[in-house]
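Good morning, and thank you for making time for this item.

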Amino acid sequence: MSQMSCESPSLSASPGRLDHREAENLTRVSEFVLLGLSEETDLQPLLFGLFFSMYLITVLGNLLIILAVSSDSHLHTPMYFFLANLSFVDICFTSTTIPKMLVNIETQSKVITYEGCITQIYFLILFAVLDVFLLTVMAYDRFVAICHPLHYTVIMHPRLCGLLLLVSWITCILNSLLQSLMVLRLSFCADLQIPHFFCELNQMIQLACSDTFLNNMVMYFAALLLGGGPFTGILYSYCKIVSCIRAMSSAQGKYKAFST
């Protein structure tokens, strides 16, 4: 009688596939173990203090930016509109992982539930990609402001700014939802250990006992499309900005362009 285990799945199953009984047993996973940055007990208070301080600085700094932009009417421009949204996304991004890490250090527990891990992956991907999208939009804003200053107010009107923000949110939500749903189809073994202080998509896929080909294809395609596309846009925008500044004849004009 053969006995199924994580390391040796049943030989009767075809490669990359598990029969219904094996899949049912493998998916009975209620929690994962986050190994964190270090297992040394003496370092835990230091890590807690370091990351707690960094988290407070990040949150308070971004909150000050949001408060300054919203309270000063002179800052109600497209650039500061996107900057305030970027600050909000940065707060959400750090809040997705750091608080859970601090709780684990304080309680001396490294456990995260299966549902908690999937939720963390969803928001981590959402805010990470949204961060990149907002940086791309801000690069385009600077490109228009420097290379087409006379048409800036016409091009970057409030409706376009809102539309760019809305499209960014919708795209990132759909991508994050797709990636999370793809993880739900995977089968896992018991006693899973993740070598990070947060749940990371690639590690989750590697720990799966079922076929992960489709997950890898979706993950790499999304990374190429949603990572490479914005990176190309940012690179193009700043190359055009540098080209426009170099073409300026007056030193004062160059200084004013750089100051923006």
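Predicted model: local features only at pLDDT ≥ 70, side-chain atom pairs only at ≥ 80, totals over all residues.

**The covered helix**

Helix α4 is mostly covered, with 26 of its 34 residues buried. Buried here stands for under 20% relative accessible area, exposed for over 50%, and partly exposed for what lies in between, with a 1.4 Å probe and protein chains only. Helices are DSSP runs of H or I with at least four residues, strands are runs of E with at least two, and both are numbered from the N terminus.

Residues are numbered from 1 along each chain as its sequence is written, and side-chain values use heavy atoms, with hydrogens and water left out.

To return to α4, its 34 residues reach 50 Å from the first C-alpha to the last, close to the 50 Å expected at 1.5 Å a residue. The expected span is 1.5 Å times one less than the number of residues. Gly 116 is found in this helix and, with a relative accessible area of 24%, is partly exposed. The C-alpha atom of Gly 116 is separated by 9.9 Å from that of Lys 100, 16 residues away along the chain.

**The overall arrangement**

The protein has nine helices and three strands, and along the sequence they follow the pattern α-β-α-α-β-α-α-α-β-α-α-α. Of its 260 residues, 37% count as buried. Contact means heavy atoms within 4.5 Å. Among the contacts with a separation of 6 or more, 73% join residues 24 or more positions apart. The accessible surface comes to about 15,600 Å², and 67% of that belongs to carbon and sulfur atoms. These areas come from the Shrake-Rupley method with a 1.4 Å probe; for residues, only the protein chains shown count as cover.

Which elements supply the largest nonpolar core? A nonpolar core is a set of buried Ala, Val, Leu, Ile, Met, Phe, Trp, Tyr and Cys residues joined through side-chain atoms within 4.5 Å. The largest one has 46 residues, and those with the most contacts inside it are Phe 32, Cys 117, Phe 188, Ile 194, Cys 199, Leu 201 and Met 204. At least two residues of this core come from each of β1 (31-34), α3, α4 (114-147), α6, β3 (192-194), α7 (201-207) and α8 (213-247). The most is given by α4, with 19 residues. A second, separate core of 12 residues includes Leu 47, Phe 51, Met 101 and Leu 102. In soluble globular proteins, nonpolar side chains tend to be buried together.

**Helices α2 and α3**

Helix α2 (residues 44-71) has 28 residues, which should span 40 Å at 1.5 Å a residue; its end C-alpha atoms are 40 Å apart, in agreement. Its buried residues include Gln 44, Leu 47, Phe 51, Tyr 55, Val 59, Asn 62 and Val 69. The buried residues of α2 pack against α3 (78-107).

Asn 104 lies in α3. Is Asn 104 buried or exposed? Asn 104 counts as buried because its relative accessible area is 10%. Apart from neighbours within four places in sequence, Asn 104 is in contact with Leu 34, Ser 109, Lys 110 and Val 111.

Gln 108 is in the loop between α3 and β2 (111-113). Its phi is near 55°, a positive value in a residue other than glycine. With a relative accessible area of 73%, Gln 108 is exposed.

**Salt bridge and surface**

The structure holds one salt bridge, a term for a side-chain nitrogen of Lys or Arg within 4 Å of a carboxyl oxygen of Asp or Glu. Arg 142 forms this salt bridge with Asp 141, the closest N and O atoms being 2.8 Å apart, and both residues are buried.

Finally, helix α6 (residues 158-184) contains Val 167, which at 44% relative accessibility is partly exposed. Pro 158 is also found in α6 and is exposed, with a relative accessible area of 72%.
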